Amino acid sequence: MTTLVVFVEHSGGNARRGSLEALGAARAAGCDCIAVLTGADAAQAAQTLGNSGAAKAVVLTGPAEHSADAVASAMAEVVSAQGADGFLAASTHHGQDLAARVAAHLDSVLFSDCTGLTSEGDSLSVQRAWLAGKVIAQLTSAAPAFCCTTRLNVFEVFEGEGSVEVSEHAISAEPKTRVVSIEAKGETKLDVKEAPVVVSGGRGMKEAEHFALIEELAAAFGDAAVGASRAVVDAGWRPHSEQVGQTGKVVAPQLYVAVGISGAIQHLAGMRTSGTIVAINKDAEAPIFKVADYGIVGDAFEVVPALAEAVRAVKAEG
Amino acid sequence: MNIIACIKRVPTTDAEVRFKADASGLETEGLPYMISFYDEIALEQAVLTKEALGGEVTALSLGPASGSKEIRECLAKGADKAVILTDDEWMSSDCRATAKRLAAAIGELDAQLVFMGRVATDRDNAAVGPMCATYLGWACVSGVIEMECGEDKGTAKVETENGIETVEFSLPAVITCNKGLNTPRYAGLKGIMAAKKKPLEEQAPAEADGQAVLSTVSAPPARPEGRIVGTGAEAVPALIDALRNEAQVL
Ligand SMILES: Cc1cc2nc3c(=O)[nH]c(=O)nc-3n(C[C@H](O)[C@H](O)[C@H](O)COP(=O)(O)OP(=O)(O)OC[C@H]3O[C@@H](n4cnc5c(N)ncnc54)[C@H](O)[C@@H]3O)c2cc1C
Ligand SMILES: Nc1ncnc2c1ncn2[C@@H]1O[C@H](COP(=O)(O)O)[C@@H](O)[C@H]1O
């Protein structure tokens, strides 16, 4: 049986969904999971993980919890101390950064942003995208430890009932970096990578102010984040944190709505693995319609408010 | 201060890919190349840092000797010299092997500050920077959107799912650069002329020693054929119906 140490991120004592998906990915591949957590409320978040597939949880403690290098070195120690076969994290900012450092401590290759994880006998194999999703690669590892990160919104959360044995491990390495402050974003504001619904606007919105329509549609869906094409980010209408695409974020929500976006190859790279894709564009020939499941040919300024109203009506019905 | 910018040569973002008949890899012949998008930002930050603190910028690339066209571009944009660790199979060097080979060269160059891209746009590892720093035993900040740096320490901002974090780091350090950190300059005629006289050295890299084993490559599965549900605002009910009853996402 393969045992993986899985990094679980949390906020306010609740594990983040991406981390639960990483646990789910490991369980679905037949692995046992040991969660590793750090930061305030970590012990509280750890208690709940039995129901998501973790048999054990290790909480890292010590003043250097704000240092990625010190934390990573403690996580690698946990992998060794627990006799685990590898390390797994969701491909969030911290998940990806820590996994790379942990892999180096274990002198093992890292497979990033995987969309598939399967076991073949004793070994694990991953599926991941290269070259902006134009290539799907199937890989295995000859490394001493198996390390990978999982793309968000791809893997199912494991739902069960179990208890979890929680222990502590002290962070002992001398920190070389330190997070000194966090400018938190609103509690309700989801990142485009995490949100189950993403509504993105492109140059077809014509002006930054008109993104109010995109925000209104996102608000109608509820669990939604606003995304953007590079053209509008470069124009300064939206922050880079919202850019979807090859030089932005790769997203895979259940529902992706592209409004006034032409569908350039670099944009498709960031959203083509979404569950359902809707395109709203006034040009019937726009390439975005080639990947869309449903399209409306029309003016965003008429279609988007009507769609927002219809979605609100559906949600109100319950 | 010795400053390094790590530059990867990657296929252009709109390059068409072709698969080998036995799905064992990609046909690389005739692929068009460019400097990876984020590495342009890394190079610019290296040059800006040199302009502020003094020192020398080396553009360092693990890649084919024929990649010198892209590396010359870096010299034209302000790097003082370039080192190519020549490897025609650079794209299949896995992130660990690349990180170790770059770390060995960085050690030789006696650098204090190394700038890399947040992610290279071919393999999308987003791993070489933090891995390389770990092998070197250095500080590392990933995905930097704003920074200040002095002789022995600095401060950087990164955007995470939690918000914007401010991170203090000590030197030596590896910084991976995200969009927004700066606006890369264009190479002027003067730069292009000057680049011709700047040293470009080719070295043999450390052995590849790869661990990733590629089984197959394939094209992504085609998305099921979609449809236009209608035109204008009148099409909204048909879309709602499709989202509720077919796709079941509403
Ligand atoms: C190295 C590199 C990296 C890149 N990375 C990215 C990336 O990460 N993400 C990304 O998005 N792009 C990226 N690009 C840019 C990409 O090539 C396109 O230029 C960009 O995606 C275009 O943005 P857009 O679709 O918003 O604008 P446009 O291509 O200008 O399209 C606007 C669309 O809006 C439609 N429209 C206009 N008015 C209306 C209206 N009233 N109602 C409805 N529709 C309307 C038009 O028909 C058109 O289809 C990259 C390019 C390069 C070279
Ligand atoms: N072959 C290479 N030569 C030089 N730098 C590289 C190479 N591969 C990766 N890098 C650096 O590491 C960064 C991240 O790459 P990756 O982890 O592969 O996404 C790149 O943006 C480069 O700065």
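Visitor: Which residues come nearest to ligand 2?
Guide: Heads-up, this is a predicted model, where local features need pLDDT of at least 70, side-chain atom pairs count only at pLDDT 80 or more, and totals for chains, interfaces and linings use all residues; side-chain values use heavy atoms, with hydrogens and water left out. Residues are numbered from 1 along each chain as its sequence is written, while chains are lettered from A and ligands numbered from 1 in the order in which they are written. A residue is near a molecule or strand if one of its heavy atoms lies within 4 Å of it. Ligand 2 has 17 residues around it, and the nearest are B:D39, B:L62, B:A120, B:A127 and B:V128.

Visitor: Which residue has a backbone N or O atom 2.8 Å from an oxygen atom of ligand 2?
Guide: Let's go through the backbone neighbours. A polar backbone atom of B:I7 sits 3.4 Å from a nitrogen atom of the ligand, and one of B:G117 is 2.9 Å from an oxygen atom of ligand 2. The backbone N or O atom at 2.8 Å from a ligand oxygen belongs to B:A127.

Visitor: On to ligand 1: between which chains does it lie?
Guide: There are 28 residues surrounding ligand 1, and A:S229, A:T247, A:S262, A:Q266 and A:N281 are the closest. As for its place, ligand 1 lies between chains A and B.

Visitor: And how much of ligand 1 does the protein bury?
Guide: A side-chain N or O atom of A:Q243 is 2.8 Å from a ligand oxygen, and a backbone N or O atom of A:V244 is 2.8 Å from a nitrogen atom of ligand 1. A:S262 puts a polar side-chain atom 2.7 Å from an oxygen atom of the ligand. Ligand 1 alone exposes 990 Å², and the part buried by the protein is 81%.

Visitor: Which helices of chain A each supply at least two residues of the shell around ligand 1?
Guide: Helices (H or I, at least four residues) and strands (E, at least two) are DSSP runs, numbered from the N terminus. By that count, the helices in question are α6 (230-234), α7 (265-271) and α9 (300-317).

Visitor: Is B:T13 buried or exposed?
Guide: B:T13 lies in the loop between β2 (9-11) and β3 (18-19) of chain B. A polar contact (a pair of N or O atoms within 3.5 Å; within protein, one must be able to donate a hydrogen and the other to accept it, and residues adjacent in sequence count only if both atoms are side-chain atoms) joins its side chain to that of A:Q266 at 2.9 Å. Buried means under 20% relative accessible area, exposed over 50%, and partly exposed in between (1.4 Å probe, protein chains only). With a relative accessible area of 12%, B:T13 is buried.

Visitor: Which side chain does B:N182 make a polar contact with?
Guide: B:N182 has its place in the loop between β12 (173-177) and α5 (189-195) of chain B. At 12% relative accessibility, B:N182 counts as buried. Its side-chain partner, at 2.9 Å, is B:Q45.

Visitor: How many disulfides are there over all chains?
Guide: A disulfide is a pair of cysteine sulfur atoms within 2.5 Å. The sulfur of B:C6 is 6.3 Å from the closest one, in B:C132, so that pair is too far for a bond. A search of the whole structure gives a disulfide count of zero.

Visitor: How far is A:C31 from the nearest cysteine sulfur?
Guide: A:C31 is buried, with a relative accessible area of 2%. A:C31 is in no disulfide, and the nearest cysteine sulfur, that of A:C33, is at 6.7 Å.

Visitor: How far apart are the end C-alpha atoms of helix α1 of chain A?
Guide: The expected span of a helix is 1.5 Å times one less than its number of residues. Nine of the 12 residues of α1(A) are buried, including A:L20 and A:L23. The 12 residues (17-28) should span 16 Å, and the end C-alpha atoms agree at 16 Å.

Visitor: How far apart are the C-alpha atoms of A:Q47 and A:V164?
Guide: A:Q47 lies in helix α2 (residues 42-47) of chain A, and counts as exposed at 51% relative accessibility. A:V164 is 117 residues away along the chain, yet the C-alpha separation is 6.5 Å.

Methods
Areas by Shrake-Rupley, 256 points an atom, 1.4 Å probe, with all protein chains shown as cover.
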